[in-house]
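Biologist: I would like a close look at one part of this model, taken slowly and with the cut-offs spelled out.

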Amino acid sequence: MDAGAQQKSVLSRWNPGSYYDLQNNKITGFIRWNVPNRSLFKGVGDDFLYRVTVDGDKQKIKTAQFRAFVIGIDSFVVSHNKDLELFPILLVLIDRPTKLYVRLRYNQTAVGGFGSGATMFYSNLDRTYYYGPDPDNVTELDRQHFIEVMSDIVSDKPRLVEKIKNKDYRKGDMEDILDRILF
């Protein structure tokens, strides 16, 4: 299963879930998180929508108000890493001493000037992977460190480690690697 397929089906609609405020209190209800778009007009941070009941009034909960939230089996955390301040919400993929996270966001491309001057917008889901001991101390997973980091993260799967070290799996194969680990 594509690790992003679940996000597409779970996100952007109301789902049972919970969030943890800054004092680590668990608040349960219904949550909707829309994967953010890269935008020149976006401020710092991100948010999700919360309802006590599925038909209740919605509240916008900003990243300055919570530590984490859960929708279904997916756990999201807020990073206070300066490099992630515009898009600080990370999906926790692997929770081990060295954790693996992914930051999801849409990139929009405008193509215009056809015929009557109409502009078309295209979006693609961008996944950026990070690793580290906690969401505030993460490093982007790059090609240079891929073998070392992923071999450590999946060390309990020796056949997978071997394929990573033999370069049968590379950074561009993250979805396949995650399918082998998570599903």
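Which residues have the most contacts inside the largest nonpolar core?

Modeller: This is a predicted model, in which local features need pLDDT of at least 70 and side-chain atom pairs count only at pLDDT 80 or more, while totals for chains, interfaces and linings use all residues. Residues are numbered from 1 along each chain as its sequence is written, and side-chain values use heavy atoms, with hydrogens and water left out.

The residues with the most contacts inside the largest nonpolar core, which has 36 residues, are Phe69, Leu100 and Met150. A nonpolar core here is a set of buried Ala, Val, Leu, Ile, Met, Phe, Trp, Tyr and Cys residues joined through side-chain atoms within 4.5 Å, where buried means under 20% relative accessible area, exposed over 50% and partly exposed in between, with a 1.4 Å probe and protein chains only. Leaving aside neighbours within four places in sequence, Leu100 is in contact (heavy atoms within 4.5 Å) with residues including Leu91, Ile94, Tyr130, Met150 and Leu178. A second, separate core of seven residues includes Val77, Leu84, Leu90 and Tyr101.

Phe69 counts as buried at 0% relative accessibility, and Phe48 is likewise buried, with a relative accessible area of 1%. The structure holds eight aromatic pairs, that is, rings of Phe, Tyr and Trp (its six-membered ring) whose centres lie within 6.5 Å, with planes under 30 degrees apart counted as stacked, over 60 as edge-to-face and the rest as tilted. In one of them, the rings of Tyr19 and Tyr50 have centres 5.2 Å apart and planes at 80°, so this pair is edge-to-face. The rings of Phe48 and Phe69 have their centres 4.8 Å apart and their planes at 40°, so that pair is tilted. Tyr19, Trp33, Phe48, Tyr50, Phe66, Phe69 and Phe76 form one aromatic cluster.

S5 and S6 form a hairpin with two residues between them, and glycine 72 in the turn has a positive phi of about 60°.

How values were computed: Pairing = 2+ DSSP bridges. Helix = DSSP H or I, 4+ residues; strand = E, 2+ residues; numbered from the N terminus.
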